[in-house]
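Please look through the sequence and the structure before reading on.

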Amino acid sequence: MTRGKFITLEGGEGAGKSTQISLLAEALRGTGLSVHTTREPGGSPGAEEIRKLLVSGAADRWDAMSEALLHFAARRDHVQKTILPKLDAGTWVLSDRFVDSTMAYQGYAQGLGRDAVETLAKLTLGDFTPDLTLILDLEVEAGLARAATRHGGEDRYERMGAAFHRKLRDAFHDMAKRAPERRVLVDASGGVDAVQAALRNKVSKHLGISLP
Ligand code: TMP
């Protein structure tokens, strides 16, 4: 049995990740692959419980370290209970956010630092890393305007202010430069179809699979 590939989608608020991930899953299924889509924080029953502590309530309810620990607690459960069993069964897994969100949000934008996030990742996940990370890149104002139209009460991070979200965008740019073989920036300012075509192109190129 060939192990499945693990692809993550990243980016700021309102970049269209959830729409794009379902379209990408559809395209991959069209080639005959088995595909599972998931999200963070969440993706397993335990992690979905932890999600509630993170996406609602006062913006300052956690400090950066407590917040990173909660994300990694949720993530370890998600990896053990959902992601690894699927990959081992040959299924491809597409996750809406993963470790790079903790790096960008808590590591860079909330000031925890790269080293702390890398240490926590190593401790909780060992060497487990996505095969490919697609970062949807969008102007901060456009993303926040889009995000404001959705999310039933899950708006804790959106309320952190435009300066926070600008740091976040810079963080993703810096992270893409540091690991260009795995992290790829994709312009998310176009229409749904144009962005999807760009994503498929990157998946084809990086993972050697041909997509329509
Ligand atoms: P979502 O809106 O994409 O579902 O994600 C929920 C929020 O959680 C989003 O605003 C980003 C934030 N987040 C972090 O701050 N750190 C993390 O590690 C993850 C996975 C998400």
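**The ligand and its shell**

Among the elements around the ligand, α4 supplies the largest share of the shell, namely four residues, where helices are DSSP runs of H or I with at least four residues, numbered from the N terminus. This is a predicted model, in which local features need pLDDT of at least 70 and side-chain atom pairs count only at pLDDT 80 or more, while totals for chains, interfaces and linings use all residues. Residues are numbered from 1 along each chain as its sequence is written, and side-chain values use heavy atoms, with hydrogens and water left out.

**Who surrounds the ligand**

- The ligand is surrounded by 15 residues, of which E13, R97, T102, Q106 and Y157 are the closest; a residue is near if one of its heavy atoms lies within 4 Å.
- At least two residues of this shell come from each of α2 (45-55), α3 (64-88) and α4 (99-109).
- Sorted by class, the shell holds four nonpolar, five polar and six charged residues, with Asp, Glu, Lys and Arg counted as charged, Ala, Val, Leu, Ile, Met, Phe, Trp, Tyr, Cys and Pro as nonpolar, and the others, Gly among them, as polar.

**Polar contacts (pairs of N or O atoms within 3.5 Å)**

- E13 places a polar side-chain atom 2.7 Å from an oxygen atom of the ligand, and a polar side-chain atom of R97 also lies 2.7 Å from a ligand oxygen atom.
- For Q106, a polar side-chain atom lies 2.9 Å from a nitrogen atom of the ligand.

Notes. A polar contact is a pair of N or O atoms within 3.5 Å; within protein, one must be able to donate a hydrogen and the other to accept it, and residues adjacent in sequence count only if both atoms are side-chain atoms.
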